[in-house]
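Hi everyone, thanks for coming.

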Amino acid sequence: MITRLTGGRLFDPANGVNGEIRDLCIDGGRIVADPGRGKADQTVDMRGRVVMAGGIDIHSHVAGGKVNLARLLMTEDHRDVLAPHAALTRAGSGTATPSSFVTGYRYAGMGYTAAFEPAMVPSNARSTHLEMADLPIIDKGTYVMLGNDEFLLDLLARGAEQERINDYVAWMMRATAALGVKTVNPGGISAFKFNERGLEIDGSVPHHRVAPRRVIQALTRALSELGVPHPLHVHCNNLGVPGNIDTTLATIAAAEGFPIHLTHVQFHSYGTEGDRHFSSAAARLAEAVNSNPNVTIDVGQIMFGQTVTASGDTMAQYRNRAFASPDKWIVMDIECDGGCGLVPFRYRDTNFVNALQWTIGLELFLLINDPWRVFLTTDHPNGAPFTAYPTLIRLLMDRDFRNASLGEIHPAAQQVTTLGSIAREYTLHEIAIMTRAAPARILGLADRGHLGAGAAADITVYKDDADRARMFTAPDHLFKDGAEVARNGAVVATPNGRTHVVRPDYDRGIERPLKKFFDDHMTLRFEHFALSESELADAGIDLSVHPCRPRGGA
Amino acid sequence: MNEASARGIACPFCGLACDDLLVGPIGVETRGCAKAAAGFAAQILSREHRVGGERATLDQAIEVAAGILRGARLPLISGLSVDLAGAQALVALADRCGAVIDRWQSVPQVDTQGVVQRAGALTATFGEIANRADVVLIVGSDPARDYPRLCERLVANKTPLYRKEPPSIVHIGPPGAAPSGVPLVAQVPVETPRLLDALRALSALLDGRRAAGGTAPDLPLAPIGDLAGRLHDARYGAIIWDAANFPAGEGGLCTAILLHVLRSLNRKTRCVGLPLGGTGNSQGVAQVMLWQAGWPSRLCFAGGAPEHDPWRFHAERLLTSGEVDALLWVSTFAAAPPPVATMPTIAVVAPNAVLRAAPAVEIRVGIPGLDHGGTILRADTVIAVPLSAARASDLPSVASVASALLPRLGAAA
């Protein structure tokens, strides 16, 4: 059955379509070439509407053990924000850490069709995937956390060849059903277990005597040589520390030209200038991103209000416990492969540091020139819940609104920021790049994030509204794989989304030392670590496997 | 037994979920664990489903069960000795029929959750403790009663990564219930009723305050001081406890003081807690409730949205208060019969459960990890362990029964 969406203004940057009025035809869950004038079984009038591919969030903590611990901690959030069940939808609760079903409904209501959990500890993979089976409608996927796993640190310590590292990375991605690899405070989580309280990029992880720089080199190169589409996703060392811009710039250098994605860079773009020894280094980072085409970033914008920070970075979270609001926090060391830390935060516009963090994030958005290399995130829930995206989009698209908001924050922050002088306003085309086309491209999702023939029919239809926050809050229609799933922000169908993975090839010789490592040292045996195809299928998990294209292996 | 034909399987009968058992032609080799041996020896006493005591097909039993749930004003779903898929399906049922859902005998777990909700936690998984801990403090009665291979796996493991010598093991608790089978470097004798005061003293000493010895002359303050010193000097200490072994009514307080102890120690060194939060996948049930509803226990969906209240939605209290008018009882690993209740009861139980009275509906299901595959969470929460069928069985799973019930309940209210 062909459904024709007629008369909408299309923003499809991947196919060079910028606001042109065109029909869009859907058949069998896919976008198809126009079969000719008038040919359709069903026609939907889209005149006056803005049409984009479904939104894709490349970095959002939506599932896994640490999200569940955050839910446990956020009692007020779950008491005060209730989502009753309805005919089609499950009940739930929470804003900063919504329950799984509610997370899917809210993303769909906002016009998003995919969100990627960026911090899956390897040993938590099975539990994370089972949880994500209860995250409805939207597609999902995970980045497995490496770089604090003792097996890899040991490989590096012993000077293992790059091929062995590649084999291990590939094995781990397949074992944990991952789409990407993230490194969080490379080496720092392991170092914290050895009672180190800080780790510089050229410092040394205790016992292994490996520097974070080496971890970054090895992993960026591994992913490139394995042909994994998504580059190494890096949460740099020294998160939140004034002056950490030097670490962030050194991290770019450590990639040695290989593709690298720096995540939530707002938290990593701090200088030490001024009376308070805390300043924006957004311009320096933007300059580095603008001049290094191998670098992509997402911002991790903060928005004022209550949230909770959920991170694998135990070292940083232990340090940040002093700022917990309300005053409670969790730190957990996990299974010789990672950790997690949860610290509730209330970002206040009357607090100088928080106010400056807000300006730093916006400066980054506005000073980085290429929208194909900057992604819209709040590092949900760390900077703000993902439901803050519509307001964030308005801040980027509407200079008057931005400057009015700037006028309300801590006066000292207003004085030191350059934000007020930046004239740039994002266009709808640029928003479509940043939230659709570019995320699909950087994740290797060839049939998502665009509206060309053959693409999955994930389509968002907005009423064009000068108030961009209102426009992006509750689109008129959302189609997921061709079926309408939300209308005016309300869910009308609840299919299961897919789980996107890659399966890079590797030499099975790596399994022998791995088996020995697990069986000798770990508390789950090797044969039970990897997720099996059948258990994923039994849990109703529908995998989309994306190709890897190895680039010049050594 | 032919080793080559043996395959490793995991044991679902305690929160350690040891996955190094071997199943071969003569059954499961349980590595000396009596609890596992008893669990895997579960007999099939009945595989028959019953309605009102009479044999029925599974479909007939499910139809009658659905009628009971549809007709109830406030049903209670309890027992909850189930695998992850079972828990997922049962929370869905609770949501659909506006039920209260609460695990049976969950007081220690709810006490522990309450401390996390109010103050937080500082913990580690088994693998960290097994590979790093140089000092291990065991608090309260020997947890080996419920976790038989705890010391073998976390303390006496032969090839740790980062400790050169076996850890110093210290016990504070009743000397008559000290950990057996492992050498203790120190035992601080404190009978269970005095545990809270002893932990307070430990906390005070670590904070550099004087312990209130004057008001508690019977506390062994010198050994407690020695214990504080050992934890303080440890590179990576670990404190292991099971809140079920704390004095009745003081589980939350003891846990909160231990959290304070951990926070004090981590200012200078590392020390982690391991609350052995229950067995029979109780952590998995809590995690499913957290992700599906936002709360870990004691949930009520009667208002359409999940409400959590440790007192109002406590299963044992509700059964005696008369506030609930139907009981869906589900027990696989524990094979526990439902409490005898005056209200209509649907018992979904393992084939070895011995029922005291004929419930309105009796449905026999398999035990995950014995009769069919599944997944459970270990007591340290993070690691989900895959289970496989250790014997041939055609008993249905809890998830399949709950999923068959769901569409017969009508639309959500």
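Okay, let's begin where the two chains meet: 50 residues of chain A are in contact with 54 residues of chain B. Keep in mind as we go that this is a predicted model.

So which element gives the largest share of chain A's side of that contact? That's strand 18 of chain A, residues 329-334, which puts in six residues. As for the kinds of residue on chain A's side, we've got 18 nonpolar, 18 polar and 14 charged.

If you want one pair to look for on screen, Asp333(A) has Ala124(B) as its bridge partner in strand 8 of chain B. As a quick reminder, strands of a sheet pair through backbone hydrogen bonds, and that can be parallel or antiparallel.

Let's move over to the sheets in chain B. There's an open one with nine strands, and the order goes 5-4-18-17-16-6-7-14-15, with mixed pairing. What sits at the edges? Strand 5 (54-56) and strand 15 (307-308) of chain B, each of which pairs on one side only.

Further in, take strand 6 of chain B, residues 75-81. Six bridges join strand 6 to strand 16 of chain B, residues 326-331, and these two run parallel. Here you can find Leu76(B) standing opposite Leu327(B) of strand 16.

Chain B also has an open sheet of three strands, in the order 1-2-3, and this one is antiparallel. Strand 1 (7-9) and strand 3 (27-29) of chain B each have a single partner strand, so each has one side with no neighbour in the sheet. On average, neighbouring strands here are turned by 40 degrees against each other, ignoring direction. Strand 2 of chain B, residues 21-24, is joined to strand 3 by three bridges, running antiparallel, and Leu22(B) stands opposite Glu29(B) of strand 3.

Last stop, a pair of helices back in chain A. Helix 5 (residues 150-157) and helix 6 (residues 162-175) of chain A pack at about 175 degrees, with their axes 10 Å apart. Because of that angle, helix 5 of chain A is roughly antiparallel to helix 6 of chain A. Who makes the contact? From helix 5 it's Phe151(A), Leu152(A) and Leu155(A), and from helix 6 it's Arg164(A), Ile165(A) and Tyr168(A). By class, that contact has five nonpolar residues, one charged and no polar ones.

That's my tour, happy to go back to any part.

Conventions:
Residues are numbered from 1 along each chain as its sequence is written. Chains are lettered from A and ligands numbered from 1 in the order in which they are written. This is a predicted model: local features need pLDDT of at least 70, side-chain atom pairs count only at pLDDT 80 or more; totals for chains, interfaces and linings use all residues. Two strands pair if DSSP finds at least two bridges between them. Helices (H or I, at least four residues) and strands (E, at least two) are DSSP runs, numbered from the N terminus. Axes are lines fitted to C-alpha atoms, for helices over the stretch in contact, and angles run from 0 to 180 degrees between N-to-C directions. Angles under 35 degrees count as roughly parallel, over 145 as roughly antiparallel, 65 to 115 as roughly perpendicular and the rest as oblique. Two residues are in contact if their C-beta atoms, placed from the backbone, lie within 7 Å. Ala, Val, Leu, Ile, Met, Phe, Trp, Tyr, Cys and Pro count as nonpolar, Asp, Glu, Lys and Arg as charged, and the others, Gly among them, as polar.
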